[in-house]
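Here is a brief report on strands, cavities and chain-level totals. The structure comes first, and the text follows.

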Amino acid sequence: MAESICRTLRDGSLEGEHAPALTIKDTAASPFGFDVFAYVLSQLSSFILAGKSQSRVVVVVAFTRSPSFYVDLLKRRGLDVTSFHKWIQILDCYTDPLGWKGKLVESGNAMCISDEASSVTHLCKDVRDLDNLYSLILELGKGLAGQGKAHFSVAIDSVNEMLRHASLSRVAGLLSNLRSHDQISCIYWLLHSDLHEVRVTSSVEYMSSMVANVEPLNPSASGQRWDSENVSLLKQNFQKGKLNVRFKRRNGRVRLMCEEFHIEQSGINFTPVSSEDGTINQGLLPKVQFSLQLSEKEQTERAKVLLPFEHQGNGKPIQIYDGRRSLEDNKNEATLASTGNLQRNEASGEGEIIYFRDSDDERPDSDEDPDDDLDI
Amino acid sequence: MSATKGRTSSFTRNVLSASSSQTPGIKCGPNGTFFVSSGISDLDKILGGGIPLGSLVMVMEDAEAPHHMLLLRNFMSQGLVQDQPLLYASPSKDPRGFLGTLPCPSSKDDKLRNHDPQQEKGLRIAWQYKKYFGENQQSFDGHRGSKQEFCNDFDLRKPLERHFFSGQRVDCVSVKDSPNLVALQDRCTTFLAQFPRNDGSISSVGRIAIQSLCAPQCTHSNMEWDVLSFISYLKSMLWSANAVAVVTFPPSLLSESFCKRWQHMADILLSVRAIPDDDKELAKLLTGYQDMVGFLNVHKVARTNTQVPLILEATTFSIKLQKRRFLVLECLNQAPIDGSSGASYGTSGSCSGSSKTGTLEF
């Protein structure tokens, strides 16, 4: 699934369409969103270098990590540093987002980023001005990719940081402007969904065409007391998780995909999910008035109910079941209710059938037709 | 199929049908109402003939699917083809660009739903028999040439010819950068002033299409009370004009109380929902799942000048694209067959399952 996300972003947008946009969403229960973001960034960068993608340049808008971090990240993935200035630009919103350093007395504060990074970095001093941010992104992208038809992609480190400094409608406006720009081929961003109201998260999802949700493998385990059972489950959550992706396809259908991932020293590894869990959302279809299926619990209870027939069909000698007396077998099996006897039937749960015989005189399965007594 | 028997009782108002025959886009309805077509013939049938003049249609979008755009496109094209002026507002910077995606009416030989004569031979066991009703109706409609002009079949793959939307007939408004809805309100006022409702004949009819009101990128999305007063203003203006309006909005992005208020404002309330792709369970449950692209729910149907409500046999329909060109709405065929899904609206629960649903039972 991570592969298909990267492929969709790599293929970019068609003429006249909005660019595909990916939201990577995570929560504190499984805080690996940044790893997924870094994975997508490095995959797309290698596509760019190999010339396989629609975009030729990537602009990274860095809010939560310094530009040197990204340069090191890409170096570790084996990409050639010397060629960086040809295809990557980093908009540095991390070092001095509100322009405070410029106001400090010791204005000799040099930007503490490495030389390699400085050649591809551009500092942004006011992230509150989203129009300025928009034009900076376009400038960086067009500067490398060139004017005209050449495409570039945009990676936004953290939408949460943008939302700290600007209102939702401004941020949504920026994202939609970026998506509808002709030269932008794809755009992806990270969002920590538990830092905002649901409305904000759903607005950001509304703006995107793919949503990748990072979830813990065992959601019930998180947030509970540390029992011995929970500890092992919790430990699993520290390194593993699930990636649920929802693709919005062009024809209006939604493709749901799921994958497991594992965090290692070298990075993140994706594996197909072990168990297939096909669930359909019953809320989509109108409610049916009948329930024709029995649940498992209901099935076992049904099997346990002892029917008040003359014989139970299990080969034992026929005995008259009399509501007033219990059968002899009852000493060994579950007890049945009788008139004066309030014995609880533990084995068969709550299912009980109370039957009172009409008369004691009837022999079992008698062939007599009671209507024979009538004298017409 | 919906109840469009077309019978008139002796208690309905006698309306001169002369006025409707002069203007092709308008049809006489029961109880002295006039209908305009929504652009989708199946939807017209479901709504009891079309959209009554002066009503406000609201479509609840699904964040995961663009089906509301299909409805809007057909609505707008229908108006343009019948020479009805259009006002279109959208949150994009260049709304005029959307006009290029409007579909063109298909030519007669493209009509797909031809009665297949070969099927008549032999015994047919009609399980889910209601799907076959449409064939009988088609042969009936074919005799009435005037019916074809009321609602066209649109080919979604062919764009509408430019001359339909060039010139003064289409007015486009972008609501993205405006600080509030005052500008849109003024444009609507001037537009609707062209179609005053008198007791005389109807000279022309206007259509308003507002796409994604309260989309997150618009400034007015924070001003919920202002948007609500805009909608009530629009509704009152429509009531004294010969026009209809279709407004789409994303209910999952509104607060629940405002979502409810908006739904109450609508005369006709529809919602569209996305369906999961390649879902084996749904494929087993529904016939024709492969062609479906989404669901349409009808929550409210306008009934003017009457106290008799329109009770639909089914409120959930599947949206299908026949041959990827023609939009059809079909009743859901599932086993066991269930008629209505209850009188609740506001169920914006879609595949995401994360949106809150509010049901209102009357």
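## Strand pairing in chain B

Ile26(B) has Val36(B), in β2(B), as its bridge partner. The model is predicted: local features need pLDDT of at least 70, side-chain atom pairs count only at pLDDT 80 or more, and totals for chains, interfaces and linings use all residues. Residues are numbered from 1 along each chain as its sequence is written, chains are lettered from A and ligands numbered from 1 in the order in which they are written, and side-chain values use heavy atoms, with hydrogens and water left out.

Three bridges join β1(B) to β2 (residues 34-36) of chain B, in the antiparallel sense. Strands here are DSSP runs of E with at least two residues, helices are runs of H or I with at least four, and both are numbered from the N terminus. Two strands pair if DSSP finds at least two bridges between them. The open sheet has three strands, ordered β1-β2-β3 (chain B), with antiparallel pairing. β1 (26-28) and β3 (51-52) of chain B are the edge strands; each has a single partner strand, so one side of each lacks a neighbour in the sheet.

## Cavities

Rolling a probe the size of a water molecule over the atoms shows where empty space is left. A cavity is a set of points, on a 1 Å grid over the protein atoms alone, where a 1.4 Å probe fits but cannot get out; lining residues have an atom within 4 Å of a point. Points are joined across faces, edges and corners, and a volume is the space filled by probe spheres set on the points. The count is five cavities of 30 Å³ or more.

| Cavity | Volume | Lining by class |
|---|---|---|
| Largest | about 90 Å³ | six nonpolar, five polar, one charged residues |

Ala, Val, Leu, Ile, Met, Phe, Trp, Tyr, Cys and Pro count as nonpolar, Asp, Glu, Lys and Arg as charged, and the others, Gly among them, as polar.

The lining of the largest cavity includes Pro30(B), Phe35(B), Leu47(B) and Arg303(B). Leu47(B) also lines the second largest cavity, with Ser38(B), Val57(B) and Phe75(B) among the other lining residues. β4 (56-60) and α3 (67-81) of chain B each give two or more residues to the lining of the second largest cavity.

## Chain A totals

Chain A has eleven helices and ten strands.

Methods. On a 1 Å grid over the protein atoms alone, a cavity is a set of points where a 1.4 Å probe fits but cannot get out, and a pocket is an open set with protein on both sides within 12 Å along at least five of seven lines; lining residues have an atom within 4 Å of a point.
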